[in-house]
Each structure stands twice: as structure tokens, then as C-alpha cells.
Amino acid sequence: MKAVVLGAAGGIGQPLSLLLKANHAVTELALYDIVNSPGVAVDLSHIATPAQVEGFLPPDDGLKKALTGANVVVIPAGIPRKPGVSSCSHDDLFKINAGIVRDLATGIAATAPKAFVLVISNPVNSTVPIVAEVFKKHGVFDPKRIFGVTTLDVVRASTFVSEILNDPSLSPSVSVPVVGGHSGVTIVPLLSQSSHSLPASLDATVVDTLINRIQFGGDEVVKAKDGAGSATLSMAYAGAEFAGKVIRAIKGEKGIVTPTFVNLASDKTGGDALKKELGKDLEYFSAPVELGVDGVAKIHGLGKITPAENALVQAALPELSANIEKGVNFVEAPKL
């Protein structure tokens with residue numbers, strides 16, 4: 001099982017690489033970045049777990065070498081956002097990260113077109129369509145194999161709900177489906193479907209605050225780091241959690257369902273049913289997805305949601321639609 005991290009020397013890349021090295025299912029780990037990846041690889045290579053680690057830089061076909069034989073490719077490459085910048089609105093951040101993702105996707109399409117691609121680089125609502133469009137241009141697009149990693153929203157929901165229940169020990173078992181997209185108002189936690197119900201007596205303002213905190217949890221971290229970065233460690237944890245699930249599914253484990261931002265053509269039946277529920281013909285959406293040996297096995301619908309949750313879903317759609325279009329247009333536009 002070969003895992004590749006593109007952007008392995010960065011704030012997310014290093015801890016993510018460490019967590020993948022700690023995963024005993026990984027037998028090969030290739031780390032690629034524009035600087036420092038060989039050093040990170042040597043450091044990790046001393047850890048007593050099965051994965052053989054190698055680091056690559058751009059010269060001498062480094063990207064191609066890193067990707068050769070890849071089963072799973074995780075992309076945390078790019079720049080973090082600054083305080084006060086929402087990840088989908090800021091043009092500089094978008095242009096830089098979109099360009100990085102486009103170029104890496106071109107490398108994957110050429111060298112490892114059958115790999116499962118896990119996109120962390122923000123803005124995910126736009127970068128996942130960018131990867132898909134690049135793959136289409138190369139004639140290797142398989143919607144079942146490209147995923148936007150929205151797991152941090154799910155992890156935050158579990159943590160914050162357990163805090164409201166005054167029992168942090170519950171957090172690993174609290175499961176809340178988070179649907180929509182992966183920024184701000186496009187993040188929709190379906191608290192009514194939480195594995196651990198919130199107290200019925202809970203004040204509506206507390207629920208609203210909780211929803212807002214799940215949607216804008218990234219801002220909390222950006223603010224606390226005071227200009228020194230964004231959510232890197234919690235994102236690395238979430239990325240490794242999702243990668244671990246994909247790896248287990250590839251190895252044949254059944255019944256793994258987790259929210260992820262996917263192309264709805266990856267399961268036409270489930271995708272069409274979801275579009276009907278949404279009342280909008282979106283190409284991408286984050287919904288609970290059952291993973292299988294070929295990637296997306298089944299897209300689940302929203303299920304029974306409250307009127308308030310439906311209002312949140314409807315509020316997410318315009319921005320989500322604009323983000324998706326922005327990603328598609330970026331690839332279609334002539335290179336500047």
C-alpha cells in the first residue's frame with residue numbers, strides 16, 4: 001500500500017506524514033514538496049513501523065518518481081489563509097492554491113491516474129473540481145476516485161458536541177453527519193442525526209452558536225495562532241483519519257461510511273436522489289459516502305432533517321455552486 005503526500009514539508013504535510021507513517025497498513029510512503037521533503041523523509045524513516053519512506057523534490061522528475069505506483073495520494077499543498085480571510089473568497093489564496101493543485105493533478109493524471117486522490121488544499125469546494133477537470137482533460141477521470149477531505153468538520157462536530165454534553169470522553173464515539181461543502185456557510189452539521197442527542201432543553205441560541213462554531217472553527221484557530229498559520233495539526237489528524245478509512249476500504253473492509261465532498265456522478269443513483277432532495281442540479285456535494293474497493297460505492301441522501309437544517313442546506317447552495325464553478329472555470333481558462 002503506497003501512500004503519497006504532496007506538500008509533505010508544510011504545516012499540514014509534516015504531521016500528516018507522521019500519522020501515515022504510524023499507520024501499519026501503509027508499506028510505502030513517498031513525500032513530495034518544493035523544499036525539505038528529503039529531510040522530513042529521513043526523520044520519519046527512523047520510526048519503527050512498516051512504511052518505507054522516501055522524499056522527493058521537483059528536480060530529476062521528483063513528482064513522477066513520488067507518484068509511481070501510488071495507491072493513495074493526499075494533497076495538503078498550498079498556502080494557509082490569513083486572519084479575516086474566508087478560504088473561498090480570497091482571490092490571492094485561490095489563485096496560488098488553484099495553480100498548485102492544477103499542476104499536481106496534472107502529474108497524478110500522467111503517472112498515477114488510478115490512484116485515490118484526497119484533496120485537502122483549500123478551498124476544497126473549488127480544488128476538487130480542479131482535479132476532476134484536469135483528469136478529464138487527460139482522459140483519465142473516474143469520479144469514484146477523487147475526494148474532498150471534509151473530515152475536519154466532522155471531527156470538530158464530534159468534539160464540540162461532546163463538550164456541550166460535558167463529557168469529552170465521548171468525543172471519539174460521537175458521530176454527526178456534516179454535509180454540503182468545506183467552508184463557512186457551506187458546512188452543514190446535521191445535529192438532529194447526531195449519534196448522541198443534544199438535550200431537548202438546550203437553548204436555541206446555544207445550538208446556533210454550536211453550528212456557527214462547527215462552520216467557522218477554522219477562524220478560531222487562525223485567530224488564536226495570531227498570524228502564525230491556520231488549522232494544521234487538527235487538519236493533519238482529520239486527513240489521516242480519512243486516508244485510513246480509504247485504505248481500509250481498498251483492502252476490502254465493508255460498511256465504512258463517512259462524509260466527503262465528491263462528484264455526484266460517482267454513484268449516479270445516489271447522486272440523482274441527492275440532487276432531488278436538494279432541489280438543485282449540483283455537480284459536487286459532501287454527503288455520507290460508503291467507501292469500497294473502487295472508491296465511492298454509494299452516496300447516501302440527507303435522510304430526515306429538521307426544517308432549520310433544511311434552511312441551512314438551502315443557504316449553502318448558492319455559495320457552493322459558485323465555488324464549484326470557480327474551480328471548473330480555472331481549468332477551462334487559458335493559462336496566464
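## Serine 321

Serine 321 is partly exposed, with a relative accessible area of 23%. That value is not under 20%, so serine 321 does not count as buried. This is a predicted model.

Serine 321 sits in helix α11. Leaving aside residues up to four places away in sequence, serine 321 touches Lys280 and Leu282. Serine 173 is another matter. Serine 321 and serine 173 are 148 residues apart in sequence. In space they are 32 Å apart, C-alpha to C-alpha.

## Aromatic pairs

A pair of aromatic rings is described by two things: the distance of the centres and the angle of the planes. The count of aromatic pairs here comes to three. One of them joins phenylalanine 94 and phenylalanine 330. Their rings are 5.7 Å apart, centre to centre, with 85° between the planes. The pair is edge-to-face.

Where do the two partners lie? Phenylalanine 94 is in helix α4 (residues 91-111), and phenylalanine 330 is in helix α11 (residues 307-332). The pair therefore ties together parts that are 236 residues apart in sequence. Phenylalanine 94 and phenylalanine 330 are both buried.

Another pair is made by phenylalanine 261 and tyrosine 284. Their ring centres are 5.9 Å apart, and their planes stand at 20°. Planes under 30 degrees apart count as stacked, so this pair is stacked. Phenylalanine 261 lies in strand β9 (residues 257-263), and tyrosine 284 lies in strand β10 (residues 284-292). The pair thus ties together parts that are 23 residues apart in sequence.

## Strands β9 and β10

How many bridges join β9 to β10? Seven bridges do, and the two strands run antiparallel. Tyrosine 284 of β10 is the bridge partner of asparagine 263. Tyrosine 284 thus has two links to follow: a ring stacked with phenylalanine 261, and a bridge with asparagine 263.

Six of its seven residues are buried, so β9 is largely enclosed by the rest of the structure.

## Charges over rings

Lysine 326 lies over the face of its ring, at 4.5 Å from the ring centre. Phenylalanine 94 also forms the edge-to-face pair with phenylalanine 330.

Which ring lies under the charged end of lysine 136? The ring is that of phenylalanine 141. The charged end sits 5.2 Å from its centre.

Notes. Residues are numbered from 1 along each chain as its sequence is written. This is a predicted model: local features need pLDDT of at least 70, side-chain atom pairs count only at pLDDT 80 or more; totals for chains, interfaces and linings use all residues. Side-chain values use heavy atoms; hydrogens and water are left out. Rings of Phe, Tyr and Trp (its six-membered ring) pair if their centres lie within 6.5 Å; planes under 30 degrees apart count as stacked, over 60 as edge-to-face and the rest as tilted. Helices (H or I, at least four residues) and strands (E, at least two) are DSSP runs, numbered from the N terminus. Buried means under 20% relative accessible area, exposed over 50%, partly exposed in between (1.4 Å probe, protein chains only). A charge sits over a ring if NZ of Lys or CZ of Arg is within 6 Å of the ring centre and within 35 degrees of the ring normal. Contact means heavy atoms within 4.5 Å. Two strands pair if DSSP finds at least two bridges between them.
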